[in-house]
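Please look through the sequence and the three-dimensional structure shown here before reading on. The report below takes up a few places in turn.

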Amino acid sequence: DWTRFLVDKSIGSPKIFRLYVRRRHIGTGGEHDKLQLIFYKPKMEAGERTQESPRVDVPPDSPFFTQLGTAFDTEINRKNEVQKSVVGRLDKAGLLRVKVTLDWQQGTDDNRVMVLKGLDSMHWFELDPVKVLTPAQAQ
């Protein structure tokens, strides 16, 4: 449960969640030294409050840095190209749907910090979407 995970802050107990994520670039000038992420539990009922995670720092040498950066850039370009449909957008601009593994670790000054342990998928489906195989590949 997301709420319990945020309160308990148990080190060494990674959990998998389906969340929204937004990014914040931190750096000087045009350089992006690291990526900061904020995760949100999706609202399931009208009037439900969204609980935001503490910031999660992703250093540039992490494999998640490029993968998430590309996904955010693609999403922004796609949303800029497509006008709102009659029903509108399902998600707010700047948010991605992700399935992630998060954990806590000891930070400085006895504070616990949330860390991204795994980027399991860039969607909320139970299984990855199936790719179409040619008959030769299927055998």
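What follows is a short report on a predicted model, arranged by topic.

## A cluster of aromatic rings

The count of aromatic pairs in this model comes to four. In one of them, the ring centres of Trp2 and Phe17 lie 5.1 Å apart with their planes at 80 degrees, and because an angle over 60 degrees counts as edge-to-face, this pair is described as edge-to-face. Trp2 belongs to helix H1 (residues 2-8) while Phe17 belongs to strand E1, so that the pair links distant parts of the chain, 15 residues apart. Trp2 is buried, at 3% relative accessibility, and Phe17 is buried as well, at 9%.

The rings of Phe5 and Trp104 form a tilted pair, with centres 5.7 Å apart and planes at 40 degrees. Since Phe5 lies in helix H1 and Trp104 in strand E4, this pair ties together parts that are 99 residues apart in sequence. Phe5 has a relative accessible area of 6% and is therefore counted as buried, and Trp104, with a relative accessible area of 2%, is buried too. Taken together, ring pairs join Trp2, Phe5, Phe17 and Trp104 into a cluster.

## Strands E4 and E5

Strand E4 covers residues 96-106 and includes Thr101. It runs antiparallel to strand E5 (residues 112-121), to which eight bridges join it. Within this pairing, Leu102 stands opposite Leu116 of E5. Five residues lie between the two strands in their hairpin, where Asp109 takes a positive phi near 55 degrees.

Is Thr101 buried or exposed? Its relative accessible area is 13%, and because buried means under 20%, Thr101 counts as buried. When its neighbours within four places in sequence are left aside, the residues in contact with Thr101 include Pro14, Lys15 and Ile16, and also Val115, Leu116 and Lys117.

## Arg22 in strand E1

Arg22 is found in strand E1, which spans residues 15-26, and with a relative accessibility of 27% this residue counts as partly exposed. Although Arg22 and Leu95 are 73 residues apart along the chain, their C-alpha atoms are separated by 4.9 Å.

Which side chain makes a polar contact with the side chain of Arg22? It is that of Tyr40, at 2.4 Å. Leaving aside neighbours within four places in sequence, Arg22 is in contact with Tyr40 and Leu95, and also with Gln36, Leu37, Ile38, Glu52, Phe72 and Gly94.

Technical notes
Residues are numbered from 1 along each chain as its sequence is written. This is a predicted model: local features need pLDDT of at least 70, side-chain atom pairs count only at pLDDT 80 or more; totals for chains, interfaces and linings use all residues. Side-chain values use heavy atoms; hydrogens and water are left out. Helices (H or I, at least four residues) and strands (E, at least two) are DSSP runs, numbered from the N terminus. Buried means under 20% relative accessible area, exposed over 50%, partly exposed in between (1.4 Å probe, protein chains only). Contact means heavy atoms within 4.5 Å. A polar contact is a pair of N or O atoms within 3.5 Å; within protein, one must be able to donate a hydrogen and the other to accept it, and residues adjacent in sequence count only if both atoms are side-chain atoms. Two strands pair if DSSP finds at least two bridges between them. Rings of Phe, Tyr and Trp (its six-membered ring) pair if their centres lie within 6.5 Å; planes under 30 degrees apart count as stacked, over 60 as edge-to-face and the rest as tilted.
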